[in-house]
Every structure is written in C-alpha cells, then in structure tokens.
Amino acid sequence: MTTWKKTAVLAAAALTAVLGASPAAGAAPAPAKSAEAAAFCGVKSDGKLWCGNKYGAKAYAHRSYSSAVRGELRSTHSWFACWGRGDHHPGGNNVWYWTATDTGGWGNVPAVDVHTPVDPAPGLKEC
C-alpha cells in the first residue's frame with residue numbers, strides 16, 4: 001500500500017471514530033432540531049411578540065379567511081405588533097396576530113400559524 005493510501009485509510013478511520021458510524025452503516029442519524037423549535041417565543045422589551053411561525057402563512061386584511069390576502073410570511077420567525085379576536089380558525093380559537101408581512105403590507109395572521117404556547121400571547125397588547 002502506498003503512503004498516500006495508508007494516510008487516506010488512517011484519516012477515514014479517525015474521522016469515523018470521531019463522527020461515529022454513518023447512516024449507511026446502520027446507525028440512525030440524530031434528529032435535527034429545527035431553528036423554529038429552538039427560537040425564542042415571547043414579548044420582548046420593544047413590546048412585540050417575537051415567535052416562530054408557519055412558512056408561507058398568509059396575512060389577511062381582516063381577521064377572517066374570507067378577507068383579502070395582504071401578504072405572506074416567508075420567514076419562520078417573525079414579530080407581531082398586537083392581537084385581536086376574529087373568526088375561528090383550525091387552531092381552535094379566534095385569536096389573530098397583526099404584523100408586517102415579508103412580501104409587503106400589513107395583515108392579520110391566524111394564531112394557528114404562529115407557534116405560541118398559548119393564545120393570546122401573554123404580555124402582547126390587544127389591538
């Protein structure tokens with residue numbers, strides 16, 4: 001075996017020892033934590049709710065799915081200025097959050113698309 005091949009074999013063995021077996025060798029990969037799950041969700045000193053949200057969540061002109069869509073949330077962690085009550089949504093309540101969208105404009109996002117532990121979010125003002 002050449003010196004280059006020996007070095008490559010030793011490097012591969014060392015890397016395997018450090019990183020563990022590859023998924024192809026039968027070891028299951030560790031589940032990745034999503035940035036959303038690890039992200040802060042609460043009202044900060046600026047008075048805004050900073051929280052994870054559904055990518056592509058739509059923001060509506062009024063607190064109703066039947067109103068015009070004003071924009072979309074293209075990030076998965078956004079801020080919300082306040083909350084209000086509107087139509088019920090699949091989240092099991094009638095809370096909607098007001099925010100600036102990532103595509104321009106302001107709108108109401110149903111709480112089902114905002115990853116709060118409880119609705120309305122404690123400490124956020126009502127609007």
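**Entry 1: Cys82 and Cys127.** I looked up the torsion about the S-S bond of Cys82 and Cys127 and found about 85°, so this disulfide is right-handed. I note that the model is a predicted one. The sulfur atoms of Cys82 and Cys127 lie 2.0 Å apart. I placed Cys82 in strand 6 (residues 82-85) and Cys127 in the segment after strand 8 (106-110), so the pair ties together parts that are 45 residues apart in sequence. Cys82 counts as buried at 5% relative accessibility, whereas Cys127, at 41%, counts as partly exposed.

**Entry 2: Cys41 and Cys51.** I searched the whole structure for disulfides and found two. Besides the pair above, Cys41 is joined to Cys51, with an S to S distance of 2.0 Å. I located Cys41 in the loop between helix 2 (35-38) and strand 1 (42-43), and Cys51 in strand 2, ten residues apart. The torsion about their S-S bond is about -90°, so I recorded this disulfide as left-handed. Cys41 is partly exposed, with a relative accessible area of 28%; Cys51 is buried, at 0%. With the bonded cysteines numbered in sequence order, I wrote the pairing as 1-2, 3-4.

**Entry 3: the nonpolar core.** I then turned to the largest nonpolar core, which has 14 residues. Leu49, Phe80, Tyr97, Val109, Val114 and Leu124 have the most contacts inside it. Strand 2 (49-52), strand 3 (57-60) and strand 7 (95-100) each supply at least two residues of this core. I listed what Leu49 touches beyond four places in sequence: among them are Cys41, Trp79, Phe80, Tyr97, Val114 and Leu124.

Definitions and conventions. Residues are numbered from 1 along each chain as its sequence is written. This is a predicted model: local features need pLDDT of at least 70, side-chain atom pairs count only at pLDDT 80 or more; totals for chains, interfaces and linings use all residues. Side-chain values use heavy atoms; hydrogens and water are left out. A nonpolar core is a set of buried Ala, Val, Leu, Ile, Met, Phe, Trp, Tyr and Cys residues joined through side-chain atoms within 4.5 Å. Buried means under 20% relative accessible area, exposed over 50%, partly exposed in between (1.4 Å probe, protein chains only). Helices (H or I, at least four residues) and strands (E, at least two) are DSSP runs, numbered from the N terminus. Contact means heavy atoms within 4.5 Å. A disulfide is a pair of cysteine sulfur atoms within 2.5 Å.
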